[in-house]
Amino acid sequence: MEVRYFLNRIFRYLFFWVFCIAIIINPVISAASTTTSLTANKSTNIPDFMKIVVVNEGAPTPKAQIAFDNIYALNDGMFSIYDKSLAIYKQHFLARHNLIMALFSGKGGRFILYRPGQPPLEAEPPPAIYQMAKAVGHTAMATYDLVAPYISDSADDQSWRAELQAYRTRVQSALDALNAADIKPEERTLLRDTLKQVEIFMDKCLQKGSFTYDDVLTYAREIQPNLAKLITLASSTQVGHWYNILEKWKQILGKEWENTYALSNSIYVARQNNILFSVLVQFMGEKAINDHLILLETTDFTATPDTMIDAFIRIISDRALGQVFFNDYRLMDYELLGGGGRKAIEAEAAKRGLKAILPPLVPYNSTEWPWKINPASGTGPGRMEDIQTIIKPKPT
């Protein structure tokens with residue numbers, strides 16, 4: 001009996017511990033089993049051809065990523081709202097205000113007058129001599145661009161030859177056509193003399209089968225006086241034409257002129273001394289700058305009226321938003337993060353013992369010209385005629 005009792009106690013003791021161990025390891029086994037089951041399901045239930053389109057076949061998307069996506073979706077949804085409101089603002093603006101749009105073009109600009117209830121009125125372009133003078137001037141520089149990449153080894157690398165020969169043919173065609181052009185005698189003489197200089201340089205390069213830096217520099221220096229004359233001819237023609245157009249439009253609009261808006265476009269190289277914008281300023285006044293007269297920076301010389309007016313309406317309509325949210329009608333003309341960014345740059349510079357390089361603070365409603373106007377900000381000439389004459393190299 002004692003042996004049986006002893007064995008019975010041992011079996012109960014072992015059963016107790018086996019039961020406890022089973023309870024402890026069961027969740028682990030279950031989890032492993034579930035993972036194995038899910039993996040098995042993913043690999044067995046999804047056909048191979050579906051795996052290229054199945055999302056998260058492996059680990060699930062992290063919760064932090066889902067949270068970010070859901071929050072940033074607010075910004076994506078904003079654009080459809082902006083686009084819808086922009087169409088409404090545009091309709092309201094054009095139904096109530098006059099707008100002059102001055103766009104760059106190869107013909108010397110496009111001026112379009114929008115008036116409520118009337119079709120757009122587009123002005124005729126400047127006289128043809130503008131385009132001809134510009135084309136001839138560009139020919140001299142295009143010839144430089146044809147040869148410049150090969151200056152160091154023009155004799156060995158003849159890649160330039162065929163293209164220069166083809167352009168030489170175009171120059172001759174232009175020369176042959178000059179007598180039939182409807183221009184003044186002195187204008188014809190200037191165009192012919194310039195094209196002849198280009199032709200002579202081309203022939204020297206083709207006959208010699210090579211050219212040097214000194215050859216190119218001599219050509220550039222000799223033709224430069226004619227280029228300056230062409231610039232004067234083209235710009236005076238262009239400016240005089242647009243003066244006449246704006247004088248007519250100002251008479252047409254009468255008292256409404258004071259409330260007329262205007263805009264022009266510019267790429268980087270045309271910001272300083274922007275011709276179209278500068279002409280508009282003469283008629284609208286300095287106080288209109290950045291208020292009723294806007295300069296829009298674009299990535300190309302040419303921009304479509306639709307693109308321009310969309311950008312313009314966004315600026316004008318956001319001014320009401322700035323007044324409602326921040327109590328300033330012109331604050332939204334500027335990047336909202338800019339003020340905070342300015343403070344952050346100053347703080348980071350101070351941490352490093354540096355002086356922050358930032359533009360001066362100016363009022364939101366500044367009427368300052370939208371380009372470089374402080375002569376003290378740099379050194380050297382500011383006009384072509386101020387550039388010091390360089391001694392011409394001797395022809396080789």
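**View 1. Helix H6 lying across strands S1, S2 and S3**. In this predicted model, H6 runs at about 5° to S2 (axes are lines fitted to C-alpha atoms, for helices over the stretch in contact, with angles from 0 to 180 degrees between N-to-C directions). Helix H7 (residues 275-284) packs on the sheet too, touching S1, S2, S4 (261-266) and S5; contact means heavy atoms within 4.5 Å. Helices (H or I, at least four residues) and strands (E, at least two) are DSSP runs, numbered from the N terminus.

**View 2. The open sheet, ordered S3-S2-S1-S4-S5**. Its five strands show mixed pairing; two strands pair if DSSP finds at least two bridges between them. S3 (121-122) and S5 (293-297) stand at the edges with a single partner strand each, so one side of each has no neighbour in the sheet. S1 (residues 99-103) and S2 (residues 110-114) pair in the antiparallel sense over five bridges, and Ile-100 has Leu-113 as its bridge partner in S2.

**View 3. Tyr-329 in the loop between H8 (305-326) and H9 (336-351)**. With a relative accessible area of 39%, Tyr-329 is partly exposed (buried is under 20%, exposed over 50%, partly exposed in between; 1.4 Å probe, protein chains only). Leaving aside neighbours within four places in sequence, Tyr-329 touches Arg-319, Ala-320 and Gln-323.

**Notes.** Residues are numbered from 1 along each chain as its sequence is written. Local features need pLDDT of at least 70 and side-chain atom pairs count only at pLDDT 80 or more, while totals for chains, interfaces and linings use all residues; side-chain values use heavy atoms, leaving out hydrogens and water.
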